[in-house]
Amino acid sequence: MTTIKVNGRDAGLDGVPVHTTVLDWLRDRGLTGAKEGCAEGECGACSVLVARPGVDSPTQWTAINACLIPAASLDGQEIVTSEGLGKSTELHPVQQEMAVRGGSQCGFCTPGFVCSMAAEYYRSDRTPSAAESCEHEHGPNGFDLHALSGNLCRCTGYRPIRDAAYALGEPPADDTLAARRSSPPPPPVATRLTVDGAEFIRPATLPEVLDLLAECPEAQIVAGSTDAGVEINIRGLRPPLVVAVDRLAELREFDFRADEVRIGAALTLSEIERLLAGRVPLLAQLFPQFASRLIRNGATIGGNLGTGSPIGDTPPALLALDASLVLASTRGERVVALAEYFTGYRQTLKEPDELIRSIVVPLPLAPMTAFHKIAKRRFDDISSVAIGYAVDVVDGVVLQARVGLGGVAATPLRARATEDALIGRPWTEQTVREASEVLAGEGTPMDDHRASSAYRSAMLGQSLLRFYAQHLAAEGVSA
Amino acid sequence: MSSLSLRPENSIVGLPLPHESAALHVTGEALYTDDLVIRTHDVLHAWPVQSPHAHARILDLRVKPAYDVPGVVRVLTSEDVPGVNDAGVKHDEPLFPSEAMFHGHAICWVLGETLEAARLGALAVEVEYEELPSLVTVREAIAVGNFQGIGRHLENGDVEAALAAAPHVFEGEFEFAGQEHFYLETNSALALIDEGGQIFVQSSTQHPSETQEIIAHVLGVASHAVTVQCLRMGGGFGGKEMQPHGFAAIAALGATLTGRPVRLRLNRTQDVTMTGKRHGFHSSWRVGFDDEGHLVALDATLTADGGWSLDLSEPVLARAMCHIDNGYSIPNVRVDGRIAKTNKTSQTAFRGFGGPQGMLVIEDVLGRCAPLLGYDAMELRRRNFYQSGDSTPYGMPVRHAERLEACWSEVLSEGDIERRKTEIEEFNATQPHLKRAIAMTPVKFGISFNLTAFNQAGALVHVYKDGSVLINHGGTEMGQGLHTKMLQVAATTLGVPLARVRLAPTRTDKVPNTSATAASSGADLNGAAIKNACEQIRTRLEQVAGGKLGIGAHDVRFVDGRVRGLTFDSASLSWEEVVHAAYFQRVQLWAAGFYRTEGLHWDANAMRGEPFKYFAYGVAASEVEVDGFTGAYTLRQVDIVHDVGDSLSPLIDIGQIEGGFVQGAGWLTLEDLRWDESNGPNRGRLATQAASTYKLPSLSEMPEVFNVRLLEKAHEDGAVYGSKAVGEPPLMLAFSVREALRQAAAAFGPAGTSVDLGCPATPEAVYWALEKARAGSTSPTGVGGV
């Protein structure tokens, strides 16, 4: 019997078509609070809470896009929807603040906002701070507005929603969802569902996955399903076999050693952010700019590399960090440098039967790093251009420089000519100006709805000037 | 003070109440049209077959393969239409076309037992097309003279003489984009056949009466055979004024043919590719100023990009032409307006309804010309404000023109603008890579439907024997808080606590022949109709209460659920006692209310008259910071003072102002509709047809500091309880953001740089603007200054 615990009650999954999303499954059960606004994880109207392993507490209530993940992938798990948080006659504190402050107008996005906000309300390390030094994105109650970066509202202009978020206190002592955090989340359940000839399998171990892949290399691998979900919803993809790997212990290892950081491929971007806790500054800069919190709660680092997309946001950063991948198959494991990994548009060195097991970032890190993302919207947008920098200057001379680019060619790539124009040269404005002209000529950027090719090229060149200006400012040298 | 506007003391109107459905919204208990599907049995699902060409004749439509798909129940084509094959009111929008007029045009619809079956059925339908030449930009349509509808001409004064005499004359062109509504709830309808063959359609529509009429003409039945209900909408913004009709008609047709309920809900891709948007415009202009910076003449041609059918393009164009003056007195004006016909979605109403497009032209002109005239843009705007006694180019007196200056002064002082301008100058002098700027722009927006007949409304108010009150009116709720205001109006008029009044969903068998909930007029029109109905009941109850209290009926007062005489010490009865007594005296306890806006007249051919009941005013100041490396920017602070009359519901009104402002800022800066204009295979395809490619403002675009004030002492004599409409006008306060970006871009160049800024002002557009400024080019405006 496959079940999901929804708002405290078990609900069955048997007979539910394999590609049915959690959202459609909930709505078909009469839980119509969660809405479909876009079906691609952009608007957050479908946000629900899932009990997931926490970094600071055994369980963390994690908000995800219910429109992207198959219902089958939550077999044995616990979820809470807006209906489960409170009733109109007995509102949850988050619902109360949203209601009285004018946080809803048409109300369609509201249940999703409420769930995303509740996740942040229950974040165990959310602590009030008297003088939150940083910008306007944190409330005095420790509320991180990025928790709402994956929710769109077309009516309010957001001010009352922000006010509601910043007015939240601590969960009361008798709050059952708060109490739930101190015991572990449900363990992953090995699942095998076949409906109408399509199959969903969640194997219990890595060897089982690799056997499956050896047998059936065209299987659709899913973790957070943030990419596959879009293909299914928008492009009508209906893969006959879906294999879920996001809860495999072998893919969720994290090891920070003296000479390298090893990051399990099935760790989500949110988890990695918390596990690294700022120890890799380049990635710390990247995380808030990677899609939205809702997506980062589901999307894995392995998935971002597995799709081979030229506009993924981790490759430019990881290229600059000189990362490599561990690929696993029944034939064993091998290590591939990320710089060699991408071979063409959505083509990689990964064989169809291989799975990304982990990502390895060598240490120590270069002292000067940055991640620049150019997009129309500040957050939750796809890059027109993304650039990762890792530069080491010793005695005024560039000893090492790695520049990773995204969005300017069919694959992410290293800006080798630019690196050559920097290495061995004095770290001066003249060097940087010359190198920035080289950088502006890297890749083969195209014209599309996100940006013109001319703008993309200009942004490459400007980016290096900006990197230089930022590092002068950081070192207190006047420009 | 008129009796309509007179507000009793301690009234419930004016209280800052949350949205009446707020508790339902936050828990997910509020029901929207598509939430009814799971609560309805035996529902069929609809999916369209969409054209892959911008323009093509349909040579053959083979639906048989769809029937081979398991679960497909019916394919709807033009042959199934018993009545008129038209989704609009102008007979230019065939519901089932014989010619695909735009990329994404629905050719036929498949009904399936499941949505998946309908989708697969639609994939199986075979359509043979003959591709035809297409026009996908307004410039292409202008070049070949492809227009639709009636062109309009508005003229006042002697433009040629004034331009000839003006010491400063400039000319230019300006083309700007439209906007996708992106209401979070896509279009949806659920139709079923009720008892006796009555067709009952739940529809997410701003205009239930017109949805009803179109269903009736498609089915070839009388209006009384069709009932349309709208529970609430997940946003409308004008996008559900005309667009829902055809979808509701498809669902109704399917239900009629199959005898089963039919659900039609567009997914986001379908909604964006099939439904109309805000009109993009092309404009060309000549403008003259005197030596003191006063506008002396404006000659402009506005071309609205109407898309494939007329829809609401004619009234949108008329409103654009009537708003090209914004808040500025221009003695000599000539405006020509026309509607281009292009192979795109049929552009339609969107918050502001052409007003924003007209006003954007003059704000762009002022922003470009200020540096060329040697004026600070703020000063140039202020010295051109309308003054008391002025009239608009179409001959309407600008009543309360002094409120422009009142809003402006209050923003200046409350926003501490002069001090901040000085700080910005210092900041810019020391920061090579970042520039800030602050801009202030006014709004003057006419309230009423341009077409006089639409300015009427009805309401139905029931008082039950237990004293509870049920109200119904012709307006629809799309998040704007109309129902909240209507409950407040009813409770105020009847003198009962708010909790005694309930509001039932909008439906056409309760109040007939309603106008669209549009033109910001929902509260003005329906509020007055509810007030009228409540007053009829109250007048009857005054007789009953007067008899029981032994006082004259005219001395009876209804306050907070008590009924008493004028004096403080008079005896009183409870509202319930009076209602109970009235029933036994056989006094009618319900009433139909009606309202028509007085004093309007409009000659559409001459473009003259007084089409508006009043003007709504407002002023905004926006401060931005622009990054010179990328053109990216942040909105640091916004200060707004806006005139809503005496607010009916301040929390709702502030929400409308903030939300309208951010939506306007989205249109002007971020939201980027891109059609494939190439001659490739996807010509005419909308490239930004999803939330991943069409970016709405998110929390990160909200102003860091956002201060909104309602103008005080702003009683409006001509409207219900002294209030003013608020839905649309604040959207146009966002011009201040665009103008601040222009000024910040200019700050990268030498003083006096005039900046030509693309619209939307995306980071890329701002980058090119500041690059030009940096290169030191003091570009003449547009095609060259004279």
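Predicted model: local features only at pLDDT ≥ 70, side-chain atom pairs only at ≥ 80, totals over all residues.
Visitor: What area is buried between the two chains?
Guide: About 6000 Å² is buried between chain A and chain B. Carbon and sulfur atoms give 57% of that area.

Visitor: How many salt bridges cross the interface?
Guide: The rule finds 10 salt bridges across the interface of chain A and chain B. One of the salt bridges in the model joins Glu116(B) to Arg238(A). The closest N and O atoms of that pair are 2.7 Å apart.

Visitor: How many over all chains?
Guide: The structure holds 93 salt bridges over all chains. Among them is the pair Arg357(A) and Glu333(A), whose side chains meet at 2.7 Å, N to O.

Visitor: Where do those two sit in chain A?
Guide: Arg357(A) is in strand β16 (residues 355-362), and Glu333(A) is in strand β13 (residues 332-337). The two residues are 24 apart, and the pair links distant parts of the chain.

Visitor: Changing topic. How many cavities does the structure hold?
Guide: There are 14 cavities of 30 Å³ or more. The largest cavity has about 440 Å³ of space.

Visitor: Which residues are closest to the centre of the largest cavity?
Guide: Of the 33 residues that line the largest cavity, the closest to its centre are Met478(B), Gln480(B), Ser520(B), Gln656(B) and Gly727(B).

Visitor: Which elements supply the lining?
Guide: α14 (482-494) and α15 (522-549) of chain B each supply at least two residues of the lining of the largest cavity. The largest share comes from α15(B), with three residues.

Visitor: And the lining by class?
Guide: The lining of the largest cavity has 12 nonpolar, 15 polar and six charged residues.

Visitor: What is the volume of the second largest cavity?
Guide: The second largest cavity has about 300 Å³. It is lined by 19 residues, and the closest to its centre are Ala87(B), Glu93(B), Phe247(B), Met274(B) and Trp308(B).

Visitor: What is its lining made of?
Guide: By class, the lining of the second largest cavity has 11 nonpolar, six polar and two charged residues. At least two residues each come from β5 (106-112) and α7 (244-258) of chain B.

Visitor: Now the backbone. Which peptide bonds are cis?
Guide: The bond from Leu363(A) to Pro364(A) is cis, with omega near 0°. Another cis bond runs from Cys759(B) to Pro760(B), with omega near 10°.

Visitor: Where do Pro364(A) and Pro760(B) lie?
Guide: Pro364(A) is in the loop between β16 and β17 (368-374) of chain A. Pro760(B) is in the loop between α18 (735-746) and α19 (763-774) of chain B.

Visitor: Which residue has a positive phi without being glycine?
Guide: Asp196(A) is one of these, with phi near 50°. Asp196(A) is found in the loop between β6 (191-195) and β7 (198-202) of chain A.

Terms used:
Residues numbered from 1 in each chain as written. Chains lettered and ligands numbered in written order. Heavy atoms only, no water. Buried area = accessible area lost by both parts, 1.4 Å probe. Salt bridge = Lys/Arg side-chain N within 4 Å of Asp/Glu carboxyl O. 1 Å grid on protein atoms, 1.4 Å probe; cavity = no way out; pocket = protein on both sides within 12 Å on 5 of 7 lines; lining within 4 Å. Points joined across faces, edges and corners; volume = space filled by probe spheres on them. Helix = DSSP H or I, 4+ residues; strand = E, 2+ residues; numbered from the N terminus. Nonpolar A, V, L, I, M, F, W, Y, C, P; charged D, E, K, R; others polar.
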